[in-house]
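Thank you all for coming. I would like to talk through one model this morning, starting with a single aromatic residue and then widening the view.

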Amino acid sequence: MLGWAVTFLIIAIIAGVLGFGGIAGTSAGIAQILFVVFLILFVISLVRGAMTR
């Protein structure tokens with residue numbers, strides 16, 4: 001999940017440098033959503049791991 005977020009972030013940066021604003025904005029938005037989902041799943045995993053000990 002984090003790998004996909006980084007991939008979309010790199011796509012957004014490259015598209016922004018090349019002047020494709022729409023694609024850059026969309027890729028950055030997708031990267032943000034994936035990163036938030038990653039963080040939520042990571043926290044849930046930590047909590048479940050701590051509860052099973």
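**Aromatic rings and helix packing**

F38 is partly exposed, with a relative accessible area of 24%, where buried means under 20%, exposed over 50% and partly exposed in between, for a 1.4 Å probe and protein chains only. Please keep in mind that this is a predicted model, in which local features need pLDDT of at least 70, side-chain atom pairs count only at pLDDT 80 or more, and totals for chains, interfaces and linings use all residues. Residues are numbered from 1 along each chain as its sequence is written, and side-chain values use heavy atoms, with hydrogens and water left out.

F35, also partly exposed at 38% relative accessibility, lies with F38 in helix α2, three residues apart, about one turn of the helix; helices here are DSSP runs of H or I with at least four residues, numbered from the N terminus.

Ring pairs link F35, F38 and F42 into a cluster, a pair being rings of Phe, Tyr or Trp (its six-membered ring) with centres within 6.5 Å, called stacked when the planes are under 30 degrees apart, edge-to-face over 60 and tilted for the rest.

In helix α1, W4 and F8 are four residues apart, and their ring centres are 6.4 Å apart with planes at 35°, so this pair is tilted. W4 counts as exposed, at 57% relative accessibility, whereas F8 is partly exposed at 22%.

Finally, α1 (residues 2-18) and α2 (residues 21-51) pack at an angle of about 160°, with their axes 8 Å apart.

Conventions: Axes fitted to C-alpha atoms, helices over the stretch in contact; angles between N-to-C directions. Helix = DSSP H or I, 4+ residues; strand = E, 2+ residues; numbered from the N terminus.
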